[in-house]
Amino acid sequence: MSDELSTGLSLALPEEVLLKDRRSWPPWYNQLLWQSRMRSVWHLIDPKAEDAINPLEQRKEGPRIEDMRLALQKQRMETYERANTAWEALGKPAADKPPNPVPATLADVEKEYNIRFKEHTDRVAYYNALSNQYQAVWKWVHHTVDKTILHDVTTSLLASSTYTLQALVRALQQELAPSEMSTYTTAREEYRAVLKRAKQGGVSHATWYAEWNKAYQTAKAYKVSDVEGVMATKDFLEALSYKLAPDWARAELAKLIRASELGETPQSLQEYGRWFSALVHENNLRQVGKNPGIFATLGGRSDNQGAGANSGQSSGELNDCPCREEGGHKWQPQNCGLLEYVLTGKTNAYIRKPVTDSKCEKIKRRLKEKKWKALRSKLREKGWLEENEDATQKKSSSGGKFPGAVNAAVIDPTLMENIQQVYATLRGTKHPLSKSTLLDNCGAMHLVNAKELLEPGSFKEATSDECVEAGSSYLPILGRGKRRIKNALAGKRGPNTEDLVLSDVAVVDGFHVNIVSEARLRDAGVWYTGFDCSLRFGTEEENVVLKKLERRFNIVFLEYKLLSS
């Protein structure tokens, strides 16, 4: 019997309290169920079952052979006395008188003793094993329940002289367990929230999958309809088609619709979840090996200002903004990244594509309309507008002097999407432009695709799960450092005599190209003009040319180097 309880499971106690309130009851209860069933003691803990024993109280003494001999002696004497009494009552002759009982010996009870001792040994082994598993679950419960809650519940049990783990779980259930409808609703809403986050983006594939799998398993345990049937699979693929894996999800969505329409058996949600997990793992391996990522594809997408309090996003109707002639966006206009870029020449927010001079002028004209008076006040407070409302950036007073080596710094931004024709993923190979460096006129981050491009000793590994957006994909930043492009700029000594030094450069292994942010160059007084495709330093009236750039594929390159070169 003891073999059934020899699970060999070690007790792994979590580092934090799991049961704190009603909301944490369902996952805690599921973990309790798992711990108990894996140790074959759920029948002693199940709060819905009949009152169970405490195995710690079931340990009894084994048989004693002397007690068994005395019991046999007593039994023989009682048998003799009954027979003798009957003989006397019937008045039978002396020859029929029962013989005196034979004294019991140890040999008489040895066989029975051995049988009982074996049963006792098995019983002791069983309850010892049962008690060990029972105590392990008891320890897990005491470690995972909030101390205040546990104190209150155990105090009430002491008053009733009830000392079983089943009674403790019943008391916790009565105190904290939500109704079945409430539990079902919570599991459903948490699952839907995870799908919504996939649509919003801003999270790595691995992090999102871990959140989805947790919500999926909970919803599955409570038989939530959102994770059952073909519609559940469709919702999963649609969520991924927005940002995390658009090409893969859209292709599989088409297959799912085809299978349903033709009466074929489509893949289940669980199968798609396993498949996506494998793709995430392979994608991470590719990035470590400096190969193009599986999800690094730039399909169509919509503008996104980010989520949470930092973006000023409202959860209600769309907000009008001078950045658009019609319609609006979810975030408040005073938090609009496009508006910030038009007025200040820089932004850390996501911008879908380069902003033309014509579009800038239209936005500025709309901002001057009477209905935006209150907004203009808020923008002046933020430093986006000067008091005369006409200045968009401060002019340099450096005249026509060369600045020497240029240092361009960066502040916690996100990578912007650029022209789709060039930023296309070539599966299994490096991009032909992976050695090139382009000038990004709407990005707010310097970026390199190899750590070797940084100055030795300057690289610092990332301390958080930080990613950059590349179209509809999210690629991890391995760390940051300083890049020095030798003799990239003109100086007093002539062309190509000064270095371009870029600080806080993000390293994204296997990215398609290297990037220099024009917005960060502006902070150093260097600006780009498309009239002759050049970088200049100084004012509009008095400036010097630092470098003539090269335009190819509708992209401006600081360094144009094909992979084969």
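**Notebook: contacts, helices, strands and cysteines**

I began with glutamate 252, which, once its neighbours within four places in sequence are set aside, is in contact with Leu237, Gln267, Tyr272 and Trp275, contact meaning heavy atoms within 4.5 Å. This is a predicted model, in which local features need pLDDT of at least 70 and side-chain atom pairs count only at pLDDT 80 or more, while totals for chains, interfaces and linings use all residues. Residues are numbered from 1 along each chain as its sequence is written, and side-chain values use heavy atoms, with hydrogens and water left out.

I then placed glutamate 252 in helix H9 (residues 246-261), helices (H or I, at least four residues) and strands (E, at least two) being DSSP runs numbered from the N terminus. Is glutamate 252 buried or exposed? With a relative accessible area of 4%, glutamate 252 is buried, where buried means under 20% relative accessible area, exposed over 50% and partly exposed in between (1.4 Å probe, protein chains only).

**Whole chain**

I looked up the totals and found 14 helices and 16 strands in the chain, and of its 565 residues 43% count as buried. Among the contacts in the chain with a separation of 6 or more, 68% come from residues 24 or more positions apart.

**Helices H11 and H12**

For H11 (residues 337-344) and H12 (residues 357-367) I noted that the axes come within 10 Å and cross at roughly 100 degrees; axes are lines fitted to C-alpha atoms, for helices over the stretch in contact, and angles run from 0 to 180 degrees between N-to-C directions. H11 is therefore roughly perpendicular to H12, on a scale where angles under 35 degrees count as roughly parallel, over 145 as roughly antiparallel, 65 to 115 as roughly perpendicular and the rest as oblique.

Which residues make the contact? From H11 I listed Leu338, Leu339, Val342 and Leu343, and from H12 Lys359, Cys360, Ile363, Lys364 and Leu367. These divide into seven nonpolar, no polar and two charged, with Ala, Val, Leu, Ile, Met, Phe, Trp, Tyr, Cys and Pro counted as nonpolar, Asp, Glu, Lys and Arg as charged, and the others, Gly among them, as polar.

**Cysteines**

I searched the whole structure for disulfides and found zero, a disulfide being a pair of cysteine sulfur atoms within 2.5 Å. Cysteine 336 is in none, and the nearest cysteine sulfur, that of cysteine 323, lies 3.8 Å away. Cysteine 336 is buried, at a relative accessible area of 2%.

**Sheet E12-E13-E14**

I traced an open sheet of three strands in the order E12-E13-E14 with antiparallel pairing, two strands pairing if DSSP finds at least two bridges between them. E12 (526-529) and E14 stand at the edges with a single partner strand each, so one side of each has no neighbour in the sheet. From one strand to the next the twist averages 35 degrees.

Between E13 (residues 534-538) and E14 (residues 543-548) I recorded five bridges in the antiparallel sense, and a hairpin of four residues joins E13 to E14. Arginine 536 stands opposite valine 545 in E14, and glycine 538 has asparagine 543 as its bridge partner in that strand.

**Proline 432**

Finally I located proline 432 in the loop between strand E3 (406-408) and strand E4 (437-440), where its 34% relative accessibility makes it partly exposed. Proline 432 and histidine 512 are 80 residues apart in sequence, yet 8.1 Å apart in space, C-alpha to C-alpha.
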